[in-house]
Protein chains: 2
Amino acid sequence: MPRPLQFSAFVMNTTSHITHGAWRLPEARQTEFNSLEHWVSLARELERGRFDFIFFADVVGLYADHRSSWEKFVESGLQIPSNDPSVLASAIAHATSELGIAITSSILQEHPFNFARKISTLDHASRGRIAWNIVTSLSPNAWRNFGYDDITPHEDRYAWADEYVDVVYKLWEGSWDDGALLQDKERAVHGDFTKIHKIHHAGERYRVEGPHLVAPSPQRTPLLFQAGSSPTGRRFAARNAEAQFIQSPSPKDAKALIDDTRRLVVEAGRKAEDLNFFQGLSFVIGSTEAEARRRADEVDEYIDDDAIIAHAAGGIGVDLGHYDLDTPIGDIESEGSRSHLLWLREAVPDREPTVRDLARLRTRNGRVVGTPEQIADRLAEWRDAGVDGINVTNYTIPGSYLEFIEHVTPVLQERGLAQREYRPGTTRRKLTGADLLDDHHPAAAYRGAFS
Amino acid sequence: MPRPLQFSAFVMNTTSHITHGAWRLPEARQTEFNSLEHWVSLARELERGRFDFIFFADVVGLYADHRSSWEKFVESGLQIPSNDPSVLASAIAHATSELGIAITSSILQEHPFNFARKISTLDHASRGRIAWNIVTSLSPNAWRNFGYDDITPHEDRYAWADEYVDVVYKLWEGSWDDGALLQDKERAVHGDFTKIHKIHHAGERYRVEGPHLVAPSPQRTPLLFQAGSSPTGRRFAARNAEAQFIQSPSPKDAKALIDDTRRLVVEAGRKAEDLNFFQGLSFVIGSTEAEARRRADEVDEYIDDDAIIAHAAGGIGVDLGHYDLDTPIGDIESEGSRSHLLWLREAVPDREPTVRDLARLRTRNGRVVGTPEQIADRLAEWRDAGVDGINVTNYTIPGSYLEFIEHVTPVLQERGLAQREYRPGTTRRKLTGADLLDDHHPAAAYRGAFS
């Protein structure tokens, strides 16, 4: 029997993450993001439902202006407020024992020395359940919050990301040898000086002496997620990531993308199976198909098309608020935005899509509507296409996850599509079978490199 | 009856914080700092004992070399490993309801935009129980971990600190007006755009556009601790801090220092009582004085004098490992280190102290040995001298705190020297009577400043 899919709950420490407007649904409680209990109880429910991850998206600034203003973002709660997700991790770690905790952090927001220390401390605290989603910030406001005039160009961002991961790999993998922490009361020796090393990193952007201040944690390097879809981003993922988010319009498209990306992984000197793929999907569940469709229609009544467009524009680099809804996408598309709109052209293959299509289809893209059995059928297709996991987006928190766990998970477990019990060990071990990064990973080159 | 003293547990996310060597005591469990349960259970015990704070010291680098090497630090576990304390906060917040959580963070280690966001998120998560101990890093290795060739000169560090707090004050106090977060499902308005403001900070070192990404938390600005003892440091504390650590050799000295510092507070345009003083003390408790003295001797057998000297040298700027123990302090003292050694000259008033005195007296300085009743007598003297709280250092974790709570706290409560129940509300309200900073505080000037 093929392996069960992994399941990740895709959330953000904010009110309106993706399905803008849905926070107004009567049962929606995502407005309670300031409450620690809100997140801890969600995490406990996810663990009860055998989810593998709670995955926090993040931004460190506003999206580009909409109708020349950031008013729309504030009014619709669109990722503002946007609270720090990383500081929720220890409370979640303490309240659960198996759930992976994935945190998004941009190379822009934290110095790699400080970031490496934070993650290692959390990996100890959680007994090896931390994952890092590596991002480079796309919002010009984010860059202006950190002292830059504007967003750094794409290629430069990835050169920066290359150095950033280089620094943290040196700290996580190279600074402390195994067996360095002795804590020997009898001999009065706490650490073995011969096994701890300064890293003396001196690069384009960073100079970091070291040593790393934290002893090796269960996973050393956290499990690495990445979501780049540009050619440079995909090469970065092929070299570094262990799991990648994809948003394919169909299992067939996913299979093509996965096959092509695995080729890049092999070109980067790794094994094809070293990269796992998580497809983003949302679910509207009914006891009959008709009920599910009716519920989807109810959700759609709350969806705020203007907010959807404001959000989408961030990836396109155009203020869509100034365009009529009937404007053909071709009129606003630029060289840099083509990859961000590919899904729309695939979703409307027979004619030129418009801004209105963008608004209407963005929430429906990756939405599965049906009975638990129908949903299981669809998930089997994704798994057969080679997808390793599902990144479950939500309409309501905690509702979308509670419903999934109550109605869909048992059917999936029955069919071997979802695990009944967790595999033992760290988050990396649950996904890949090993606590530490594979020897083919570039970070592994730093093991023993500073002895 | 005068107000009870506040009590703070002075800890660090490491094995050997201050009383180096004591980790080898049979009952010492501070070696378990990697464990989240270790900290959560300590926090629960502190709350049971009505402590006001768990206070985390921190460093982001090694102390200056000892005998031209950092070997001593590793072998004695002297603040290496040194884990990130801030990531423990949410687990502690979730497991407690009244305990204040004080985190040390250096201006060196985190960009103020990111730091402000982290603290605001934690202040929400803890319902207003976060305090920040503002420091400028003293270790040259810390500066080299963050890209500098060496430590920034003292005056420049405080100019940097001035701008750093300026940025975070703008974000915490000025970016969001009261009532900006509406979350009105009916009217479909999540936030009031007219009440949220970019801060457009442009200074010597930082440019930060804003807005702050987190809505106002219960305290907005966290309770502010500072421990500077130099003239510049004391002026910074007088202007900014709400609580200051002192390490006076006697209640009489404390009174003089407090009176003098309150004068600086008033000069800075604040009220004298706006700054609270926490004296650092450790306790060795016995059911008789003789038993307490015997236990103190037992502890001293484990104290590692060479580690004590290695640590002390950090503040002096001299590698004391190269000096004979009989070297007079005058031979190694420099202009910059004079204030760091004042306590030693006060402790050995009748002759020139030596390096050996430094080693022996550093752990005994601020140590109270006796029965619970004798300790209560001493604490009454400190309170009568004007001290507002006691920063309780430890020999063992959790032992030193459990013993204090079991044996001393009841006697203190009996005498009105310790609270029996918490005052309600946020950590600032418990200390000062108000949730928010006083109008005289420089941060208050930013309220409404960006409207």
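**Figure 1. The area buried between chain A and chain B in the predicted model.** Putting the two chains together buries about 6,800 Å² between chain A and chain B, and carbon and sulfur atoms give 56% of that area. On the side of chain A, 81 residues are in contact with chain B, and these meet 81 residues of chain B.

**Figure 2. Salt bridges and polar contacts across the interface of chain A and chain B.** Six salt bridges are found by the rule across this interface. In one salt bridge between the chains, the side chain of Arg207(A) meets that of Asp149(B), with a distance of 2.7 Å from N to O. The count of residue pairs in polar contact between chain A and chain B comes to 49, where both residues of a pair have pLDDT 80 or more. The elements of chain A that give two or more residues to the side touching chain B are the helices α1 (36-48), α2 (71-75), α3 (89-95), α4 (112-125) and α5 (140-145), together with the strands β5 (181-184), β6 (189-191) and β8 (207-208). Of these, α4(A) gives the most to that side, with eight residues. Sorted by class, the side of chain A that touches chain B has 36 nonpolar, 26 polar and 19 charged residues.

**Figure 3. The crossing of helices α10 and α12 in chain A.** The axes of helix α10 (residues 305-316) and helix α12 (residues 355-364) of chain A come within 9 Å and cross at roughly 100°; α10(A) and α12(A) are therefore roughly perpendicular to each other. From α10(A), the residues Asp305(A), Ile308(A), Ile309(A), His311(A), Ala312(A) and Ile316(A) take part in the contact, and they meet Val355(A), Leu358(A), Ala359(A), Arg360(A), Arg362(A) and Thr363(A) of α12(A). The residues of this contact divide into seven nonpolar, two polar and three charged.

**Figure 4. Two cis peptide bonds in chain B.** Ile80(B) and Pro81(B) are joined by a cis peptide bond with omega of about 0°, and Pro81(B) is found in the loop between α2 (71-76) and α3 (89-95) of chain B. The peptide bond from Gly210(B) to Pro211(B) is also cis, with omega near 5°, and Pro211(B) is found in the loop between β8 (207-208) and β9 (223-226) of chain B.

**Figure 5. The backbone at Arg127(A), where phi is positive.** Arg127(A), a residue other than glycine, has a phi value near 55°. This residue, Arg127(A), is found in the loop of chain A between α4 and β4 (130-135).

Methods
Residues are numbered from 1 along each chain as its sequence is written. Chains are lettered from A and ligands numbered from 1 in the order in which they are written. This is a predicted model: local features need pLDDT of at least 70, side-chain atom pairs count only at pLDDT 80 or more; totals for chains, interfaces and linings use all residues. Side-chain values use heavy atoms; hydrogens and water are left out. Axes are lines fitted to C-alpha atoms, for helices over the stretch in contact, and angles run from 0 to 180 degrees between N-to-C directions. Helices (H or I, at least four residues) and strands (E, at least two) are DSSP runs, numbered from the N terminus. Angles under 35 degrees count as roughly parallel, over 145 as roughly antiparallel, 65 to 115 as roughly perpendicular and the rest as oblique. Contact means heavy atoms within 4.5 Å. Ala, Val, Leu, Ile, Met, Phe, Trp, Tyr, Cys and Pro count as nonpolar, Asp, Glu, Lys and Arg as charged, and the others, Gly among them, as polar. Buried area is the accessible area (1.4 Å probe) that two parts lose on being put together, summed over both. A salt bridge is a side-chain nitrogen of Lys or Arg within 4 Å of a carboxyl oxygen of Asp or Glu. A polar contact is a pair of N or O atoms within 3.5 Å; within protein, one must be able to donate a hydrogen and the other to accept it, and residues adjacent in sequence count only if both atoms are side-chain atoms.
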